[in-house]
Amino acid sequence: MGDKTMNVDRRGVLRGVGGGAIALAGLGGAGSVGAQDAVTVTAVWTDDEEEDFLAVVDYVEGETGVDISYAPRDTETLLTETLMDYEAGIATADIVVLPTEGRVRRDGAAGHLEPVGDLWDEDEYSTEHAVVEANGEVYAAPFGMDLKPGFWYRQSFFEEHGLEEPEDYDAFLDLLEEIDGIEGVEAPLASGNGDGWPLSDVTEAFILRQEDGAQLQQDLIEGDAEFTDDRVVTAFEELQELLQAGYFSEVRDFGIQYEFFWENETPLYFMGSWTPTFGAIEDPDDLDYFMLPGTDAMVTSINWFTIPAYTDATDAARTAVEGIISPDGQEVWTERGGFVPSSLEVPAEAFDIEIMQELSEQADEVELVPDLDDAVGDPFQAEFWSQLLGLWAEPDQDVTGITESLNGVLQETVQEDDS
């Protein structure tokens, strides 16, 4: 597999860029686009995130003349339907936004995607061509970065109950015990679910807090470490202990879980950088977060724009993608909040919500690592999600059996990607 390490040094460029909009120069260079050209986009953004993306769409439509329509899908549907369509020679949409690098590489190698490496200069983005490259071609373009920093909480709740951010893991356990005893709390930790992916985010945090956790995660992605590694087993055992203690809430859809979080029924929620602008969050200024004690790395996941090889609107799709991932395109969502741009040319002044600026600054100070299941892709990703849902449902099961099962699927997936 290729080098999937984020170029952390480049992240520092973000704060140093001066203000002012950067003109969308040459967006028509991808092809001759007329006013009547239209493309469809499909991705996983719904509700408030859909509104934010549509604001980007409005901007790009005005700049390019391309008519862009959007059709959201949930993650599992997006991944399964597109694959079935591609194998039948059908474009699910003219532009498909994939959350997993592994899937991009496999689709590209199979001939399902158009090369788009010429649409973005890797020196101007916080990632590299290699992570979505197959057969010498780059098959995706980066949009926003989802950072997964740690446990979000309401400052007012902590102040009301005299709580403090934990400095070490023992203090974290003490904090959970203290929160568990507060009236009105269902459980200290929220269990968000989509198809298993929010549970995977918190699980990766426990992997990262182990010795050399950041390198361990990278080695797992590259196939240079086994999922039966003692450190992975320890991570699962730590999660199991919290589950057995009743510190995790009932599993709910991750969006609905935000409502319980905001009402302080599940006061700690391991979630991503989109949190401040999620619908249930009434006052983002009341938010703060802390990293899981013992971690010195942060997971980041990129939204990858791809163009199916089966679309009849390739030129218009290329023009639309180029506009959406441009500094100006990404700045539109950045200003609305809950978004970390992958373009290094979006000015720091674009961050309207203070916590988002703080999060971006902290991302410059720690090591950034790829999302494990996103980077590896299926069949490992699907099995990872399934096993975690099983663990949350039956916390008393033998976790070594889980890691052994996942290791077999991990090695199978990595070997398939290498072939």
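1. Helix 3 passes helix 12 in a right-handed crossing; a crossing is right-handed if the near helix is turned clockwise from the far one by less than a right angle, and left-handed if anticlockwise. Helices (H or I, at least four residues) and strands (E, at least two) are DSSP runs, numbered from the N terminus.

2. This is a predicted model, in which local features need pLDDT of at least 70 and side-chain atom pairs count only at pLDDT 80 or more, while totals for chains, interfaces and linings use all residues. Residues are numbered from 1 along each chain as its sequence is written, and side-chain values use heavy atoms, with hydrogens and water left out.

3. Helix 3 (residues 47-64) packs against helix 12 (residues 314-325) at an angle of about 120°, the axes being 9 Å apart. Helix 3 is therefore oblique to helix 12 (under 35 degrees is roughly parallel, over 145 roughly antiparallel, 65 to 115 roughly perpendicular, the rest oblique). Axes are lines fitted to C-alpha atoms, for helices over the stretch in contact, and angles run from 0 to 180 degrees between N-to-C directions.

4. Helix 3 contributes Phe-53, Val-56, Val-60 and Thr-64 to the contact, and helix 12 contributes Thr-319, Ala-320, Gly-323 and Ile-324 (contact: heavy atoms within 4.5 Å).

5. The protein chain has 17 helices and 14 strands. The C-alpha atoms fill a box of roughly 65 × 45 × 35 Å along the principal axes.

6. Of the 419 residues in the protein chain, 60% are buried (under 20% relative accessible area, with exposed over 50% and partly exposed in between; 1.4 Å probe, protein chains only).
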